[in-house]
Amino acid sequence: MNNEAFVEFERVQKSYDGENLVVKDLNLSLPKGEFLTMLGPSGSGKTTCLMMLAGFETATHGDIRLNGQSINNIPPHKRGIGMVFQNYALFPHMTVAENLSFPLEVRKIGKSEREDKIKVALDRVQMGNFAGRRPAQLSGGQQQRIALARALVFEPELVLMDEPLGALDKQLRETLQFEITHLAHELGITVVYVTHDQTEALTMSDRVAVFDDGRIQQLAPPDKLYEEPENSFVAQFIGENNTLEGVVKEIKNGSALVQLDDGSLIDAKPINVSKPGERTRVSIRPERVEYNKDRLRADAHTLSAEVLEFIYMGDIFRTRLRVAGRDDFVIKTRNAPDQVRLKPGQQIEIGWLAEDCRALDA
Amino acid sequence: MSDSTHTGPMLAADGTTLKSSLNRALRRQKLRALMLIAPLLIFVLVTFIAPIADMLFRSVENQIVSDTLPRTTQMLGDWDADAADIPAPQVFEALYVDMFIATERKLHTRLGSRLNYELTGVSSLFRKSGRKVEDMGEVYQDQFEDLDKFWKKGANLNALFGAPDWQAAQAAWDTSDKKAQPKFKLRSGLETVLPQASEAFDVYARFTQGEDGKNLSKAKPWALIYSALYNDLVAQPAGLAALDAPGADELRAAAARVGDFDTVDFTAAFKKIDKDWVSQDVWRVIKTYSPRFTNGYFLNSIDMKKTADGPQMRAENEQLYIKLFIRTLFMSLVITGSCILLGYPVAWILANLPAKTANLLMILVLLPFWTSLLVRTSAWKVMLQQQGVINDTLVWLGLVADDSRLALINNQTGTIIAMTHILLPFMILPLFSVMKTIPPSYLRAAKSLGATNWTAFWRVYFPQSVPGIGAGSILVFILSIGYYITPEIVGGTTGTFISNRIAYHISSSLNWGLAAALGAILLAVVLGLYWAYDRIVGIDNVKLGG
Ligand SMILES: Nc1ncnc2c1ncn2[C@@H]1O[C@H](COP(=O)(O)OP(=O)(O)O)[C@@H](O)[C@H]1O
Ligand SMILES: [Mg+2]
């Protein structure tokens, strides 16, 4: 993987109706061979970005570069970008082999070479026996595999996938997630992948771009994204998260003291806050909350909480608490032999390490 | 417990076979469903299936000849149409009987019109003969009446021919005049003594009481009865001596004298009416069309004629229908083709525009449906004529010289232009609804795979729109093949369709049999094309939408 930018969005904007910007100031650059996922809620502009890259929509403003070359004026069929659509878009009047042959035929590749490539591509997705079938005779997962094979058969360097697994059931989705990442790395292709499923994004990607409101909210590898969200949208959107609202009282030694709305004090790591008096939302992951006083620092601030619900989930326990006037505070604990099982109605004290709790924008 | 060990039929809980209990359960459902659709079914049967069946029947039905001239056609069976002679005198005698009855019943002119389709002039021949046939047998009537006053009175004949119980009933009815006239009944045993006269009297009595609605007691007997009576008496029937009936004595007296009667030569009598009656042509036509069913209408429809030697092509200058069929098919194809060419892009634009604009344009497409067909066609007449808008524009643009304006109307061009316009919505609508179901992602996928706009359209979009083309083409083609108002108005003589001819035969020449045969052929052609289409394209490939 070299670090030269292969795909670049520079200050890209897009509006469909001339009134609302669907994509606002998009800057993104990814090196060759990277698997980048655009993650975001529905309507956040992910598909629009992908379509601009593929050439089916034109950017209202800004520049999109592929391999250092601006592609704003190159028509889609000359961009050489492979694409997998959410509904697969397999041509219904052609067999599987004809579907795969199509991109090779338009590239004027000879018959025998075509056949070889089709065979390799089908074998790669374990669909070698289905060459003569029509798409309608295949299951959803099989159609997805064919769509993938078709996008790869003409050996593009860049492949775009728009929610390719959206219509499949959970188990199949997991199998295919693995197969797609595996194939991408094996072939060394660059992939821009769009999904609204955070698990998919986290498990598959080298980096994830979290989209909201037409902007990239954070662009980071999966672990950083989960552990170090840069704003409250990302913290909320990725994984399970507890938020508490309050005002910064003081910032000292890289740690902030936050006074919650009910007056209680907690420690947090200042991320998006810089001075006392600012409103903030603090975010803490359920598995980082501690109620065993021995494991907390002596001077740590704690909150009193009431157990509302205890859910046994096998590998973990999920306990819902009432904290600082909110009753959606969740903690997760591992099912270990010495683990206490809390009972509803029980009063406990909870706390955390200051660096696990992030004071973000309000 | 495996199913493979169970060989007999599956049994339901009550021991009957599963199949029969399932059938019983389904029967009620089916019956209820049938009752729901019954009104429509009856409506379709009465208004659609029945007329078609009637039309198909009319195209071969020919009972009018043998119904009107039953005796003549039967006698003609022995006549050799190829021989040079006219039929035997007995045939003319039979013709006299048939014509007499037909004239009384006023059926002879209808038969004349029918046979006139096959040989011009027969209609007037029959009309002329009808009037004169009534007088033909009066020679016998006069001689009977001269012989004895007895024969002058209808009441005497009623007494002779009628059964005694009928006579009593009739006499009672005459005075009361309340209920329906008692139906005439022939004296039993008389038909063996006087076969022809009995038959003639029976026909006369039934006609007078029935169709004519007159009082038989006061009616004047037909001359026909006297000629029949003469024939019977000349044969000197054996049972006459023993006959016991009012007037039996007069009958016996007449039998003794009929040998001296003047006779009528029916051949000569018919010849005197019109010498066409002794021409072989008339008799050949009657013989050819004697059977109750005929293929004559169909032969006519394909420019052939029925002759005594079997079907033959008509002379070149009489041929008409095959040319018209071919023209109809050819022009329908051209119209379908131009509808595809014009409709496809429109449908494509409609299917790819935002819904709001598409709806507006769709209204424009449907607008022609809101104006009368006649108005639209007449508008084309104005547009297309030599001094019309289109020619004016072409002259103004300098594309056409003023003295050589294009002939766009009253020919095939006019029909094609006007009908393409009128049938265009039938092409656009199915195309549109099929194109609506083709997701734009197919085109995008094709382009992302490296196809140019044209390749993407031709290899990916077009094949998926073919079902729409198929549905539109079938609609337009079948509609245009049977169209007749527009070709009638703008087609002139060279741009008319077979349907114009059918309309002519239905409303002007009244040759419904020929119209039915032409219609049946048209129906067969359409079904044949439909079958061919199914074989080549597959009828599953026709989509009117989703
Ligand atoms: N062709 C279009 N015309 C007008 N608006 C569009 C079009 N495509 C998408 N949009 C709007 O742009 C926004 C972003 O859409 P999209 O990029 O599809 O989001 P995502 O893929 O993240 O769900 C949405 O509000 C959508 O309504
Ligand atoms: Mg999308």
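Trainee: What makes up the secondary structure of chain B?

Mentor: In this predicted model, the secondary structure of chain B comprises 26 helices and two strands. Helices (DSSP runs of H or I, at least four residues) and strands (runs of E, at least two) are numbered from the N terminus. Local features need pLDDT of at least 70, side-chain atom pairs count only at pLDDT 80 or more, totals for chains, interfaces and linings use all residues, and side-chain values use heavy atoms, with hydrogens and water left out. Residues are numbered from 1 along each chain as its sequence is written, while chains are lettered from A and ligands numbered from 1 in the order in which they are written.

Trainee: What radius of gyration does chain B have, and what value would a compact globule of 546 residues have?

Mentor: Chain B has 36 Å, whereas the compact globule would be near 24 Å. The radius is taken over C-alpha atoms, and the globule rule is 2.2 Å times the number of residues to the power 0.38.

Trainee: Why is A:F56 called buried?

Mentor: The relative accessible area of A:F56 is 14%. Buried means under 20%, exposed over 50% and partly exposed in between, with a 1.4 Å probe and protein chains only; A:F56 is therefore buried. This residue is found in the loop between helix 1 (46–54) and strand 4 (61–66) of chain A.

Trainee: Which residues are in contact with A:F56, leaving aside its neighbours within four places in sequence?

Mentor: A contact requires heavy atoms within 4.5 Å. A:F56 is in contact with A:M51, A:P76 and A:M83, and also with B:R444, B:K447 and B:S448.

Trainee: Which residues of helix 15 of chain B are buried?

Mentor: They are B:Q280, B:V282, B:W283, B:V285, B:I286 and B:T288. Among the elements against which they pack are helix 2, helix 4 (89–104) and strand 1 of chain B. Over the whole of chain B, buried residues make up 43% of the 546 residues.

Trainee: What makes a space a pocket rather than a cavity?

Mentor: On a 1 Å grid over the protein atoms alone, a cavity is a set of points where a 1.4 Å probe fits but cannot get out, whereas a pocket is an open set with protein on both sides within 12 Å along at least five of seven lines. Lining residues have an atom within 4 Å of a point. Grid points are joined across faces, edges and corners, and a volume is the space filled by probe spheres set on the points. The largest pocket holds about 730 Å³ and is lined by 31 residues. Helix 15 (280–288) of chain B is one of the elements that supply at least two residues of this lining.
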